[in-house]
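Let's take a friendly walk through this model together. Keep the sequence beside you as we go.

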Amino acid sequence: MKITAKQIAYIHTLASKKLGWSNEEYKEWLMDNYNIDSIKEIEIAVAKRIISDLAYKDASQRVDKITLKQIGYIKYLWLSVDYERGNNGDTLLSTFLKNKFGVHCIEDLSPDQARGAIAAIKQMQRGYKRGTHTSNPFVLDKNGNEAIYVYLADGSKLLLSLQKTSNNTDHGN
């Protein structure tokens, strides 16, 4: 999918307002880092990387910036509550941070917001351990392996084990 209008606007805001770059500096940075001179026809995944790179540059210039240690810790904690298990990059984490703190990526968090994110993710972890958090689809099968329920067209559900067997097939045991 192609870049969205919101992403284009946000990239331009980051470059011109947050970083204070001229149009020439911005185009030079795009060429040096992505070998492109315009973002209008790029894919969404590339746009996300550009946003992350520009936000990181902005965060590195801020006095009240999140630390690399906090970034690593938040990403580490997030893996335990990310039902996609990181298969979609930081998309779910970014959505969580946007909804909770109004930032577009982890690097935009202030140190206080980072502490809030850590506390919120730990609260989510406690909910999973107590079984009160319903968005985590993973359960344990009778052998103690991670499993997931698959809902079939007839309304029934089937428990599939995520434990790989020797021939890499799942048997739901």
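Predicted model: local features only at pLDDT ≥ 70, side-chain atom pairs only at ≥ 80, totals over all residues.

N35 has a phi near 55°, a positive value in a residue other than glycine. Is N35 buried or exposed? Its relative accessibility is 62%, and because the cut-off for exposed is over 50%, N35 counts as exposed.

Now step back to the whole chain. The protein chain has 6 helices and 3 strands, and along the sequence they follow the pattern α-α-α-α-α-α-β-β-β. Of its 173 residues, 33% count as buried. If you take the contacts with a separation of 6 or more, 49% of them come from residues 24 or more positions apart.

Let's begin at helix α1, which covers residues 5–18. The expected span is 1.5 Å times one less than the number of residues. The buried residues of this helix are Q7, I8, Y10, I11, L14 and A15. Just after α1 comes G20, which takes a positive phi of about 75°.

Rolling a probe the size of a water molecule over the atoms shows where empty space is left. The largest pocket has a volume of about 730 Å³. Of the 26 residues that line this pocket, the closest to its centre are Q7, K48, I51, S94 and H104. Which elements give two or more residues to the lining? They are α1, α3 (44–61) and α5 (91–101). Helix α5 provides the largest share, with 7 residues. Sorted by class, the lining of the largest pocket holds 9 nonpolar, 10 polar and 7 charged residues.

Next, look at helix α4, residues 68–79, where you will find Q70. Q70 has a relative accessible area of 13%, and since buried means under 20%, Q70 is buried. Setting aside neighbours within four places in sequence, Q70 is in contact with P111, A114 and R115.

Finally, turn to the aromatic rings. A pair of aromatic rings is described by the distance of the centres and the angle of the planes. The count comes to 4 aromatic pairs. One of these is formed by Y73 and Y76, with 6.5 Å centre to centre and 20° between the planes, and this pair is stacked. Why are Y73 and Y76 separated by about one helical turn? They are 3 residues apart in helix α4, which means about one turn between them. Y73 is partly exposed, because its relative accessibility of 32% falls between the limits of 20% and 50%. Y76, with a relative accessible area of 58%, is exposed. Elsewhere, W21, W29 and Y34 form one aromatic cluster.

Definitions and conventions. Residues numbered from 1 in each chain as written. Heavy atoms only, no water. Helix = DSSP H or I, 4+ residues; strand = E, 2+ residues; numbered from the N terminus. Buried < 20%, exposed > 50% of the residue type's maximum accessible area, 1.4 Å probe, protein only. 1 Å grid on protein atoms, 1.4 Å probe; cavity = no way out; pocket = protein on both sides within 12 Å on 5 of 7 lines; lining within 4 Å. Points joined across faces, edges and corners; volume = space filled by probe spheres on them. Nonpolar A, V, L, I, M, F, W, Y, C, P; charged D, E, K, R; others polar. Contact = heavy atoms within 4.5 Å. Phe/Tyr/Trp six-rings, centres within 6.5 Å; stacked < 30°, edge-to-face > 60°.
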